[in-house]
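Please walk through the model below with the text alongside. The paragraphs take up the strands, then the core, then the helices and a few single residues.

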Amino acid sequence: MTKEEQFEYNEKAFKIKAGTFYHAKHFSHREFACKCCFKEAMDVAFIMFLDALRDKINAPLLVSSGWRCKSHNEAVGGAVNSYHLKGMAADIYSPFVSCTKIDETARKMGFGGVKHYKEQGFVHVDIGPKRTW
Ligand SMILES: [Zn+2]
């Protein structure tokens, strides 16, 4: 493997437990980095769900917000117990598929929280308990 290939490989390897990784099909660590500190600690089960959603949508899904540190979450007015803090949530959209379609598909797949923010043009998905707000 070249250095570049190794970097790309690592970028898609999400830790399950010590020495065991899930190699994401569609997503890289850097896509979920906090906007303020660039840290990231995504939950592997969430990444698996997002990969499955991406397969169903069959079009690129862009992440406008992934992992958030506490101070960034406060800065953007996130809920105190936001799943973004746990790496179990992302705000997503696609240049090719409507948010309505993403919203419907995510609900059918059994994500916990799904909310279409119509004015902002993204869909929040998380793997917390099933709920609407
Ligand atoms: Zn941060």
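Two strands pair if DSSP finds at least two bridges between them. Helices (H or I, at least four residues) and strands (E, at least two) are DSSP runs, numbered from the N terminus. The model is predicted: local features need pLDDT of at least 70 and side-chain atom pairs count only at pLDDT 80 or more, whereas totals for chains, interfaces and linings use all residues. Residue numbers start from 1 along each chain as its sequence is written.

With these terms, consider strand 4 (residues 89-93) and strand 6 (residues 122-126), which pair in the antiparallel sense over four bridges. Isoleucine 92 has valine 123 of strand 6 as its bridge partner. Strand 6 also pairs with strand 5, again antiparallel, through five bridges. There, glycine 113 stands opposite aspartate 126 of strand 6. Four residues lie between the strands in the hairpin of strand 5 and strand 6, where glycine 121 takes a positive phi near 75 degrees.

These pairings belong to an open sheet of four strands, ordered 3-4-6-5, with antiparallel pairing. Strand 3 (62-65) and strand 5 (113-117) each have a single partner strand and stand at the edges, so one side of each has no neighbour in the sheet. From one strand to the next, the twist averages 30 degrees. Strands of a sheet pair through backbone hydrogen bonds, in parallel or antiparallel fashion.

Another antiparallel pair is strand 1 (residues 13-17) with strand 2 (residues 20-23), joined by four bridges. Lysine 15 has phenylalanine 21 of strand 2 as its bridge partner. The hairpin of these strands has two residues between them, and glycine 19 takes a positive phi near 80 degrees.

What are the residues with the most contacts inside the largest nonpolar core? They are Ile47, Leu50, Ile92, Ala106, Val123 and Val125, in a core of 25 residues. A nonpolar core here is a set of buried Ala, Val, Leu, Ile, Met, Phe, Trp, Tyr and Cys residues joined through C-beta atoms within 7 Å. A residue is buried if 20 or more other C-beta atoms lie within 10 Å of its own, exposed if 12 or fewer, and partly exposed in between, with C-beta atoms placed from the backbone. Helix 2 (44-57), strand 4, helix 4 (99-109) and strand 6 are the elements that give two or more residues to this core. Helix 2 supplies the largest share, five residues.

Contact between two residues requires their C-beta atoms, placed from the backbone, to lie within 7 Å. Leaving out residues up to four places away in sequence, valine 123 touches Ile92, Tyr93, Cys99, Ile102, Asp103, Ala106, Val114 and His116.

Helix 2 and helix 4 also meet each other: Ala52, Leu53, Lys56 and Ile57 in helix 2 are in contact with Ile102, Thr105, Ala106 and Met109 in helix 4. The axes of the two helices come within 10 Å and cross at roughly 125 degrees. Helix 2 is therefore oblique to helix 4. Axes are lines fitted to C-alpha atoms, for helices over the stretch in contact, and angles run from 0 to 180 degrees between N-to-C directions. Angles under 35 degrees count as roughly parallel, over 145 as roughly antiparallel, 65 to 115 as roughly perpendicular and the rest as oblique.

Threonine 132 lies in the segment after strand 6. With 7 C-beta neighbours inside 10 Å, threonine 132 counts as exposed.
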